[in-house]
Amino acid sequence: MAPQFEDQGGFATRSPSPPVRWATSMVLRRFSSQERVDKRRAKLERARRRQRQPHVVEYFHQVDDGYSHLAAQLLRPLADAYDIELVCHLVPGPLGKNAPEPELLLDLSRYDAAKIAPHYGLHFPAERGAPDAALVELATRILAGAGAAFADVAPLVGDALWSGSMDSLETLAERHSPTDATTASSTVVAGAARRKALGHYSPAMFHYAKEWYWGVDRLYHLENRLRDLGAQRNEGSQLLAQRPAIETGPLRDDGALTLEIYPSVRSPYTAIAFDQAIALAAETGVACKVRPVLPMVMRGAPVTREKGVYIFSDASREARATVPLSKDLPWGKVYDPIGNPVRRCYSLWPWARSQGRGVEFLSTFMHAAFREGINTGRDAGLAHVVEAAGLSWEEARGIVDNDDWEEEIEANRQAMYGFGLWGVPSFRLLDASGAMQLGVWGQDRLWLVSREIQLLLAEPTPSS
């Protein structure tokens with residue numbers, strides 16, 4: 001029996017009424033609209049020029065966050081490459097309902113940062129645990145007093161912190177006049193207040209003209225925006241943080257490796273990555289196992305309005321940049337399937353899989369929810385999904401609304417938590433013995449999965 005999760009209510013309700021689902025869908029469409037984004041950007045740029053203001057980029061740094069250390073290494077290059085005024089803040093991690101798994105998030109930031117750093121020409125120590133509290137305290141005091149030198153000092157402080165070297169931090173402290181602990185704490189509080197006032201909750205974030213960009217993974221969006229505005233200093237220079245491409249060769253597997261995909265059919269990030277992940281497995285010969293989970297909200301995880309709006313806005317930006325979209329199937333025509341539509345979808349999942357059309361069924365459901373604006377909570381909408389997946393609605397209507405799926409979906413969630421992840425889409429790459437070689441979260445990690453596949457295939461097979 002699946003556990004009974006607590007409904008958080010409000011924006012995070014896990015079972016909204018049809019009118020509420022419709023209203024939420026209209027809000028999400030608005031925040032997914034490229035036309036709206038373009039109009040707002042043009043208006044803000046006109047105001048900036050009229051007031052003769054610089055391009056102000058604000059950055060929010062958490063001392064013990066792995067993603068922040070990667071971002072810190074690009075602060076000086078960013079300020080040198082673009083005609084911007086860079087303002088840096090110290091912040092704590094996500095607070096309250098914006099942080100459902102704070103300890104897991106910090107663990108993930110270290111593991112993930114070490115995995116992606118080399119591909120961006122950055123560095124982060126592998127197998128690094130949480131830094132000692134005394135090191136974090138001194139690092140915070142140094143950065144609180146860094147002032148205009150923050151962009152230069154932050155990567156040095158991070159190097160010392162993550163290498164575990166108190167001697168290196170003390171040397172930096174001698175050079176850069178750290179504040180006292182009380183002042184440092186006040187500086188972090190002020191940074192959190194500024195971040196909240198601008199409408200966000202996470203560290204390693206860049207903010208420019210009412211839009212947010214997360215760390216090295218979203219920096220290319222900010223760079224392209226600044227280039228469009230003519231703020232690039234050197235014409236023809238490369239992006240500082242171009243996302244690595246997904247690789248499907250040259251090596252091909254014979255099914256010894258397995259790619260587990262943990263999707264949620266309510267997740268816009270899953271909707272971006274699902275077809276690409278399936279294609280990656282097919283093109284590399286890796287075995288593929290799809291393990292759906294409930295949306296986080298339906299698992300009782302709190303989601304604030306600011307977090308929900310950011311997720312859908314960011315996902316829309318990612319979709320337009322990374323997914324081939326046709327005029328007939330644009331991104332952002334959302335009809336939120338939260339609640340009963342998700343449950344009805346999953347009630348048909350075991351049957352669709354038994355018919356050999358499980359992947360197609362999940363894919364067409366997400367297309368309907370995020371591109372076609374179809375109300376999958378109605379029989380007509382679900383019938384459209386079923387038939388588009390090559391299945392029979394007449395057969396499905398006699399199966400839908402069962403609860404036989406709950407135990408499997410919950411087992412998938414527990415498996416995902418077992419390797420330290422909780423969000424979707426998550427991916428786990430297993431070797432021939434079933435041992436995990438990689439576990440990552442996010443549609444922006446498929447390129448890493450693809451490269452890990454090639455590395456594993458290149459390893460020599462032990463002789464018998």
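Helices (H or I, at least four residues) and strands (E, at least two) are DSSP runs, numbered from the N terminus. This is a predicted model: local features need pLDDT of at least 70, side-chain atom pairs count only at pLDDT 80 or more, and totals for chains, interfaces and linings use all residues. Residues are numbered from 1 along each chain as its sequence is written, and side-chain values use heavy atoms, without hydrogens or water.

**View A. Cis peptide bond at Pro 425.** The bond joins Val 424 and Pro 425, with omega about -5°. Pro 425 sits in the loop between helix H17 (406-418) and strand E7 (426-430).

**View B. Cis peptide bond at Pro 250.** Gly 249 and Pro 250 are joined here, with omega about 10°. The loop holding Pro 250 runs between helix H10 (215-228) and strand E5 (258-262).

View C. Ala 209 is partly exposed, at 23% relative accessible area; Lys 210 is exposed, at 54%. Buried means under 20%, exposed over 50%, partly exposed in between (1.4 Å probe, protein chains only).

**View D. Surroundings of Leu 362.** Beyond neighbours within four places in sequence, Leu 362 is in contact (heavy atoms within 4.5 Å) with Pro 263, Val 265, Phe 274, Val 290, Pro 292, Cys 345 and Trp 349.
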